[in-house]
Amino acid sequence: MSKLAQALTLLAALAAVISLAALYLQRVRMPRPPVGRFVRSDIAVMTVTLVSMPLVYLHLPRVLVACAFGAVFLGACSLALTPVMGGRRSAAVTLALGAFILTAHLAGWVPARIAAGDLLLALAVIAVSNLWAQTGMTAGQVAALAALLAPYDLLATGLTSVTEHLVHHFAGMPLGPMLAVNNGTSPIGAGLGDCLMLALWPLVAAKAFGRAAGWYGAIIGLSVVSVVLAGAVGGWVHGGVPLLTGLGPCIVAQYAYWRTRRGPERRTVDWRGTGAMEPPADPFQGQDAAVALAIADRHPDGGWLAVSDGRVVGHAPSPGGARRSAREAGHTAVPVVVAVRPPGAASG
């Protein structure tokens, strides 16, 4: 495969990840973990972790690093699939994908291993970006994270050999943190951090400022990637390119623009009331969540309910199962899914 074909393949893969992450945000509501909302100190901790972990990876055995990334990716993949297909099916699919990657690595099926590894990484990125966006991470916090990571990427990739050593360390690894289209020590690909930031920013921008902000965020991000890939294909740049160094200022500039034009960003609770990136045309749609919660309080059985038009259209032990139950009953509209309150629980 030529360098141009590899570059176009990578660009298409990144576009697919961003599109699927946005579609997931619109259609799937992830169960909220028992944690508080994001604050400034969380962004500082995330930055320190992202900056320090690459140095740790370089001093760990490759097998241990592969196991660590494998556990994280498989867990995130299951997290993404559970609301869609239920816990048991998502676990089965996740384990099957992980087993196939390991089998392909041991058998020497390099193209199959790369494709399956890219799929697992993409699902992990979709899960993490949606988890952060749906649990309250703001556009301002993502812009601050991008601003902090931009100079680090310049230092690690452009001015020192930290990233180059990491690429050599991860080369041929079955569960490496890179969306790659070829194998070897000089692959054309995008790192996990690059993929996550490319997918995360359009989600939080759309949540905070509307659909147009999300579209522009995705287009500008892919444009930055296109410029970098054009330089690699044309031979104008050699070795690793600090993608976040170019992407970070673009995200900060977009945040400043939308903040000036649209004012304060929309809160997550206000965005959730719309059920999508934009306010719905139906003025009664925003009442569905309140109706669903009231029905769940009176429902005699445990589990999860899918509620549409003020009535229960699906019931199952998991969120994904409730949605599937609604589809099997012939309800094509996206229902509101809520957990049934355990008997005796406080109503407040």
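**Figure 1. Phenylalanine 69 in its buried setting.** In this predicted model, phenylalanine 69 has a relative accessible area of 7% and is therefore buried. Phenylalanine 73 is buried as well, with a relative accessible area of 3%. Both residues belong to helix α3 (residues 62-85), where they are four residues apart and thus separated by about one helical turn.

**Figure 2. The ring pair of phenylalanine 69 and phenylalanine 73.** The structure holds five aromatic pairs. In the pair shown here, the ring centres of phenylalanine 69 and phenylalanine 73 are 5.7 Å apart, and the planes meet at 35 degrees, so the pair is tilted. An angle under 30 degrees would count as stacked and one over 60 as edge-to-face. Ring pairs also bring in Tyr57, which forms a cluster with Phe69 and Phe73.

**Figure 3. The ring pair of tyrosine 257 and tryptophan 258.** Tyrosine 257 and tryptophan 258 form an edge-to-face aromatic pair, with 5.0 Å from centre to centre and 75 degrees between the planes. Tyrosine 257 is partly exposed, its relative accessible area being 42%, whereas tryptophan 258 is buried, with a value of 4%.

Figure 4. Glycine 140 is situated in helix α6 (residues 139-159). With a relative accessible area of 21%, glycine 140 is partly exposed, because the buried class requires a value under 20%. When residues up to four places away in sequence are not counted, glycine 140 touches Tyr255 and Glu265. Glycine 140 and tyrosine 255 are 115 residues apart in sequence, yet their C-alpha atoms are 6.9 Å apart in space.

Key: Residues are numbered from 1 along each chain as its sequence is written. This is a predicted model: local features need pLDDT of at least 70, side-chain atom pairs count only at pLDDT 80 or more; totals for chains, interfaces and linings use all residues. Side-chain values use heavy atoms; hydrogens and water are left out. Rings of Phe, Tyr and Trp (its six-membered ring) pair if their centres lie within 6.5 Å; planes under 30 degrees apart count as stacked, over 60 as edge-to-face and the rest as tilted. Helices (H or I, at least four residues) and strands (E, at least two) are DSSP runs, numbered from the N terminus. Buried means under 20% relative accessible area, exposed over 50%, partly exposed in between (1.4 Å probe, protein chains only). Contact means heavy atoms within 4.5 Å.
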